[in-house]
Amino acid sequence: MTNSAKFDTWIYPTKRGLYCAAGDFYIDPSQPVERAVITHGHSDHARAGHGRVLATPETIAIMQIRLGKTCAGALQSQGYGSVLQIGDADVSLHPAGHILGSAQILVRHRGQRAVVSGDYKRRFDPTCAPFEPVPADLFVTEATFGLPVFRHEPDASETAKLLEVQRASPGRTILIGVYGLGKCQRLILLLRQAGYDRPIWLHGALVAMCDLYQTLGIDLGPLAPVAAATSTLAGEIVLCPPSALADRWSRRLADPVTGFASGWMRVRARARQRGVELPLVISDHADWPELVTTIAETAAEEIWVTHGREDALVHQIGLMGRRGRALAMVGRDEEAE
Amino acid sequence: MKAFAQLLDRLSYTPGRNAKLALMTRYFQTAPDPDRGWALAALTGTLPFKAPMRRILLELMEKRLDAVLYRLSRDYVGDTAETVALAWPEPLHPAEPPRLADVVTALRTASKAEIAGLIETWLDGLDATGRWALLKFITGALRVGVSARLAKTALAALRDCDPDEIEEIWHGLSPPYGALFGWLEGCAPRPDVTGSPVFRPLMLAHPLEEADFAGLDLDAFAVEWKWDGVRVQIAGGGDHVRLYSRTGDDISAAFPELVAPFRFEGVLDGELLVMRDGVVAPFNDLQQRLNRKTVTRRTLEQFPAHVRLYDSLVLGDADLRALPFAERRLMLERWYSDMQPPRMDLSELVVCNSMDDLAEIWRKTRAAEMEGLMLKRRSSPYLAGRPKGHWYKWKREALTIDCVLMYAQRGSGKRSSYYSDLTFGLWREPTGGTPELVPVGKAYSGFNDAELIELDRWIRQNTVETFGPVRSVSAGLVLEIAFDAAQRSSRHKSGVAMRFPRVHRIRWDKPAHEADRLPTLEKVITGVDQPVIEP
């Protein structure tokens with residue numbers, strides 16, 4: 001039986017984030033540090049102001065778009081699978097299936113393997129490499145949807161629902177709130193796979209990231225900024241950040257049907273809270289069965305839970321005969337998804 | 001079940017009235033009998049069974065989900081039926097999805113011990129939405145934002161008729177409403193409900209506008225007090241007497257003292273009041289009797305109900321509605337003196353000889369604790385709905401008070417991008433402390449679209465803090481609030497609740513510190529002070 005103390009000598013949570021003492025670096029720190037390894041480009045994981053950053057090439061490109069070219073003293077990219085020695089630790093990055101460039105970080109130290117998954121999901125996503133199970137002694141998991149009520153529907157049934165509403169509401173704009181990095185591009189590709197080939201209209205805040213995806217070789221089909229529209233976009237599909245759904249910006253559209261693509265839409269009260277008429281359960285995070293399956297697959301005996309509904313997941317880990325520990329990481333924005 | 005589940009699912013997310021109507025009408029047009037009849041029963045609250053679901057569901061979940069995980073899930077979701085629907089494990093071998101009608105038949109014939117097993121099998125045959133809809137159906141509490149009236153309005157579209165035509169026969173029918181659907185679709189005669197105590201759609205009054213007042217021929221009108229109670233209809237037929245709310249809900253069970261003691265044939269219109277020793281109690285007392293399914297002996301004694309009659313729609317087997325008000329009134333008076341029904345009396349006619357007289361009486365309505373005056377055209381038949389030019393209500397003058405805007409919340413539907421739901425407060429001055437605002441009420445109306453845009457802009461520019469859809473604003477905008485009355489309330493921090501508050505004027509000109517103090521509102525409750533009269 002392992003215990004926390006065994007890992008705590010070389011990797012442990014701190015106020016600034018998870019710290020690897022063996023290599024003197026932080027993983028997704030919440031404040032500027034000398035050396036950081038970043039799992040993916042979402043703003044609650046990738047912040048500006050670190051001395052040195054190690055991440056996948058895609059994550060670095062995303063950080064440069066969002067945070068500026070000089071968001072860190074030095075940006076070092078490393079592809080999936082290759083190993084870099086940092087101090088007394090061997091560090092490699094492995095696909096997490098969360099968004100483009102997202103990585104789990106495997107740190108090996110004196111025969112022990114710690115895998116820090118960042119955010120992840122297990123289902124197919126046409127915009128990024130699929131999650132790769134990495135055997136671990138210590139597995140650090142998220143728990144955004146860490147309750148048995150969260151079972152995401154198949155993506156295809158959700159896009160079918162969207163297109164059905166679009167066909168049935170010719171006089172209205174279909175306005176869908178999406179998180180700008182990952183969800184937006186994934187929803188566009190899901191619509192393309194469902195045969196929707198009309199231009200998809202974008203809120204201005206979504207344009208730069210879609211351009212980057214296209215530059216990185218992910219074909220999103222015809223896109224157009226809402227600012228360039230000459231009509232109220234009745235019958236069209238418009239994507240915007242969730243905050244713009246019910247704001248003044250949306251008044252220019254034709255009596256919009258407001259939708260929201262998020263794992264939270266599984267729970268009615270959450271959809272109603274936001275006044276969502278068309279809830280789409282499309283998530284970039286693991287749902288409950290995926291969390292449980294992944295924990296089993298890594299074969300880790302010790303599991304640390306970073307953020308989300310950690311009570312339930314830690315309890316479940318106990319039921320599975322493993323050691324679970326809630327880290328209660330500061331600075332994680334669990335609502336944004 | 002699938003079509004019904006889809007209907008409920010869409011209804012629960014669709015905010016617009018017309019969109020909801022379209023969804024229901026389409027369902028009624030396409031779903032088979034008797035399923036659609038049971039769906040209608042669920043939407044109108046007339047399902048004939050009630051299962052103790054909470055306990056059954058807990059037992060079923062215990063076998064499938066760890067108790068701690070269930071509790072955490074329930075806490076998060078906030079609704080037992082939805083939690084079970086979402087957390088129910090997908091079965092390896094799904095059962096056949098049940099039909100709505102099969103669910104009803106099985107539940108009506110099952111013994112208590114068999115119910116859990118039935119529900120288990122049905123849940124195994126459905127997806128998450130289906131499970132949710134099934135459990136909502138069985139508990140009878142749909143909570144999808146549909147009133148019985150709205151469901152009947154959707155139903156009326158099948159025949160392209162007025163929903164009042166359905167109301168006329170509704171309480172003589174029972175689920176699954178085969179005869180009703182047959183009639184609506186033109187393949188059966190109108191169901192005959194003669195002899196059963198059915199609800200008749202009410203005749204409603206228009207507010208008296210200034211223009212109406214100027215052109216009013218007083219001789220053509222009967223004047224009555226507008227009582228501060230709630231409108232009811234009392235219907236007798238066969239062996240039953242029933243009490244209906246103004247929307248046609250059967251509220252007999254909550255008022256046994258009114259329906260039990262006598263039998264009659266007819267339909268009467270009146271005001272429900274709480275009355276002790278011939279004196280009408282304040283509206284607050286009546287509220288103790290409203291919205292209850294049953295009533296205790298203690299409540300019956302403390303808050304005795306009474307009906308003050310003012311019209312007769314049917315007496316014996318004669319439908320009087322085509323007759324003029326004056327004749328119906330005479331027949332009501334005759335019936336009343338013959339029957340001497342307990343706990344009922346007649347609403348007196350107010351004698352007034354001139355328009356000046358009328359205005360004088362109206363001015364005294366607040367002091368007399370009347371809600372105002374009713375003017376009914378003597379020659380008017382009893383017409384369902386709110387026909388123009390027949391009945392007028394002249395409500396007592398509103399009270400007004402200058403409040404300060406404190407919070408604003410986004411509206412819903414078309415108003416979802418506007419901060420249109422306004423919470424306002426009055427100043428309280430603790431002895432020796434600095435004045436602070438305490439919230440006293442919320443208003444959603446009383447401003448036009450142009451004012452709404454200005455309000456919205458002001459709120460955005462003066463936001464202090466944002467909590468989700470709510471903004472708190474700096475104390476800088478005075479709203480002159482009109483309201484009908486103020487009551488003591490333990491639910492409000494200020495200890496006062498307003499009835500029917502609405503924005504009367506936006507006082508862009510008035511500094512916030514000149515707004516009213518809480519004691520000004522408190523005086524209206526105690527009745528110590530004369531009402532604040534509008535200029």
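Mentor: Buried area is the accessible area, taken with a 1.4 Å probe, that two parts lose on being put together, summed over both. Please keep in mind that this is a predicted model.

Trainee: Understood. Into which domains is chain A divided?

Mentor: Chain A has domain 1, covering 4-149 + 285-326, and domain 2, covering 155-280. Their C-alpha centres lie 29 Å apart.

Trainee: What area is buried between domain 1 of chain A and domain 2 of chain A?

Mentor: The buried area is about 1,600 Å², and carbon and sulfur atoms give 72% of that. On the side of domain 1 of chain A, 20 residues are in contact with 17 residues of domain 2 of chain A.

Trainee: Turning to chain B, where do its domains run?

Mentor: In chain B, domain 1 spans 206-395 and domain 2 spans 399-526. The contact takes seven residues from each of these domains of chain B. The centres of the two, taken over C-alpha atoms, are separated by 34 Å.

Trainee: And what area do the two domains of chain B bury between them?

Mentor: They bury about 520 Å², with 30% of it on carbon and sulfur atoms.

Trainee: How many salt bridges are found across the interface of the chain B domains, and which residues form a salt bridge?

Mentor: The rule finds one salt bridge across that interface. Arg499(B) forms a salt bridge with Asp228(B), and their closest N and O atoms are 3.2 Å apart. Helix H15 of chain B, residues 283-287, gives the most to the side of domain 1 that touches domain 2, with three residues.

Trainee: Back to chain A: in what order do the strands of its open sheet stand?

Mentor: The six strands have the order S1-S2-S3-S4-S5-S6, and the pairing is mixed. Strand S1 (11-14) and strand S6 (72-77) of chain A are at the edges with a single partner strand each, so one side of each has no neighbour in the sheet. From one strand to the next, the twist averages 30 degrees.

Trainee: How do S4 and S5 of chain A run, parallel or antiparallel?

Mentor: Strand S4 (residues 35-37) and strand S5 (residues 50-55) of chain A run parallel, joined by three bridges. Val37(A) has Leu54(A) as its bridge partner in S5(A).

Trainee: Which strands of chain A does helix H2 touch?

Mentor: Helix H2 of chain A, residues 57-67, packs on the sheet and touches S5 and S6. The direction of helix H2 makes about 150 degrees with that of S6(A).

How values were computed
Residues numbered from 1 in each chain as written. Chains lettered and ligands numbered in written order. Predicted model: local features only at pLDDT ≥ 70, side-chain atom pairs only at ≥ 80, totals over all residues. Heavy atoms only, no water. Pairing = 2+ DSSP bridges. Helix = DSSP H or I, 4+ residues; strand = E, 2+ residues; numbered from the N terminus. Axes fitted to C-alpha atoms, helices over the stretch in contact; angles between N-to-C directions. Contact = heavy atoms within 4.5 Å. Domains from an automatic or database assignment. Salt bridge = Lys/Arg side-chain N within 4 Å of Asp/Glu carboxyl O.
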